[in-house]
Amino acid sequence: MKIYEYGNQNKSKILLIHGMWMTHEMMLPYVDQLMDDYHIIAPDLTGHGNDKGRFESAQKEAAEITDWLMQNQMKELALVFGVSLGSVIAMNVISHEELLHTHCAVMEGTSLTCVYGVEWLFRAMFREMKKRPETIANLYASMQDWMQMYSRSFWTRWRIRIKRSFSIWYMPAIAIRLKNARIRRSCSDTYFFEFGNRDSHLVCQKAIRKYYPEAKITTRKGYGHCGYMFAHGKDYAALLRSYMEKEK
């Protein structure tokens, strides 16, 4: 894992965690809009972006991020923002309430439950991606111009590492059961979940409502998985800011 910092280190902290097959560079449109007012921490997860390691589990990534925050005396976060796989890692990070106080958490396209058959689907998908890794870059080809730029850069750096990494990607390392995430329900009014109405991860809404009844769930009409955040860079940064303002 490689961790990058932006903005003034004396200001309130924001943690941005990218999703699977993404890099921290894909968070830069939000960094650009927020860095004047916040200190932003944005990791490249293990095996992603500029990191050459092998991804093992969301739990291990969360532990490494938490350890880094503690080592740098960062015990309070204004916002934790997680995208897809990054939201699973984020939920693990903020579960360490005895170490870390999080004012606001926003999860985009989260997958936080183990549904029957999902593990099988992910295993099959990874097998196909290992055969044709160029498909990963094409996932982002329909995004706006800035997203396409990051997609090309992403593909150039990842062509070799993708094949090397897929052997250890598996569903239990990605999804967690909400009932096992040690987060108090009393804090759930500070959690905001964002989905597109075409996102397959919408199946998680039922579990979210059960375990975090005070959390706010927003569904964006006409968008697939993480599509809204990529299509509205500046507006999404403003959305993150508005969520933080609600918790002040």
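**Contacts and burial**

Reply: Leaving out residues up to four places away in sequence, E194 touches V106, M107, E108, G109, T218, R220, Y236, L239 and Y243. The model is a predicted one.

Me: In which strand does E194 lie?
Reply: E194 touches residues including T218 and R220, with residues up to four places away not counted. Its own place is in strand 8.

Me: Is E194 buried or exposed?
Reply: The cut-off for buried is under 20% relative accessible area. E194 has 0% relative accessibility, so E194 counts as buried.

Me: Which side chain meets that of E194 in a salt bridge?
Reply: A salt bridge needs a side-chain nitrogen of Lys or Arg within 4 Å of a carboxyl oxygen of Asp or Glu. For E194 the N to O distance is 2.8 Å. The partner is R220.

Me: How many residues apart are R220 and E194?
Reply: The two side chains form a salt bridge. This pair links distant parts of the chain, with R220 in strand 9 (residues 216–220) and E194 in strand 8. The separation is 26 residues.

Me: Is R220 buried or exposed?
Reply: Buried means under 20% relative accessible area. R220 has a relative accessible area of 19%, so R220 is buried.

Me: How many salt bridges does the structure hold?
Reply: R220 and E194 form one of them. R241 and D37 also meet in a salt bridge, at 3.0 Å from N to O. The structure holds two.

Me: How many residues apart in sequence are the parts that R241 and D37 tie together?
Reply: The side chains of R241 and D37 meet in a salt bridge. R241 lies in helix 9, and D37 is in the loop between helix 1 (28–34) and strand 3 (39–44). The pair therefore ties together parts whose separation in sequence is 204 residues.

Me: How far apart are the end C-alpha atoms of helix 9?
Reply: Helix 9 (residues 233–246) has 14 residues. At 1.5 Å a residue, the helix should span 20 Å. The distance between its end C-alpha atoms agrees, at 20 Å.

Me: What arc around the axis do the buried residues of helix 9 cover?
Reply: The buried residues in helix 9 are G233, Y236, A237, L239, L240, Y243 and M244. They lie on the same side of helix 9, because their arc around the axis is only 155°.

Me: Which residues are exposed on the other side of helix 9?
Reply: One of them has 62% relative accessibility, so this residue, K234, counts as exposed. The exposed residues on that other side are K234 and D235.

Me: What distance separates the C-alpha atoms of K234 and V31?
Reply: K234 lies in helix 9. Along the chain, K234 and V31 are 203 residues apart. Their C-alpha atoms are separated by 9.9 Å.

Me: How many of the residues of helix 3 are buried?
Reply: Helix 3 covers residues 85–94. Its buried residues include L85, I89 and I94. Helix 3 is largely enclosed by the rest of the structure, because the buried count is ten of the ten.

Me: Which helix do the buried residues of helix 3 pack against?
Reply: Their packing partners include strand 2 (13–17), strand 5 (79–83) and strand 8 (191–196). The helix among the partners is helix 2.

Me: Which side chain of opposite charge is nearest to E61?
Reply: E61 is in helix 2 (residues 58–71). E61 is buried and has no salt bridge. The nearest side chain of opposite charge is 6.8 Å away, and it belongs to K60.

Me: Which residue's side chain does a polar contact of 2.8 Å join to that of E61?
Reply: E61 touches M1, L45, T46, F55 and I89, with residues up to four places away in sequence not counted. The 2.8 Å polar contact is with the side chain of T46.

Definitions and conventions: Residues are numbered from 1 along each chain as its sequence is written. This is a predicted model: local features need pLDDT of at least 70, side-chain atom pairs count only at pLDDT 80 or more; totals for chains, interfaces and linings use all residues. Side-chain values use heavy atoms; hydrogens and water are left out. Helices (H or I, at least four residues) and strands (E, at least two) are DSSP runs, numbered from the N terminus. Buried means under 20% relative accessible area, exposed over 50%, partly exposed in between (1.4 Å probe, protein chains only). Lys and Arg count as positive and Asp and Glu as negative; His and the chain ends are not counted. A polar contact is a pair of N or O atoms within 3.5 Å; within protein, one must be able to donate a hydrogen and the other to accept it, and residues adjacent in sequence count only if both atoms are side-chain atoms. Contact means heavy atoms within 4.5 Å. The expected span of a helix is 1.5 Å times one less than its number of residues. The arc is that of the directions from the helix axis to the C-beta atoms.
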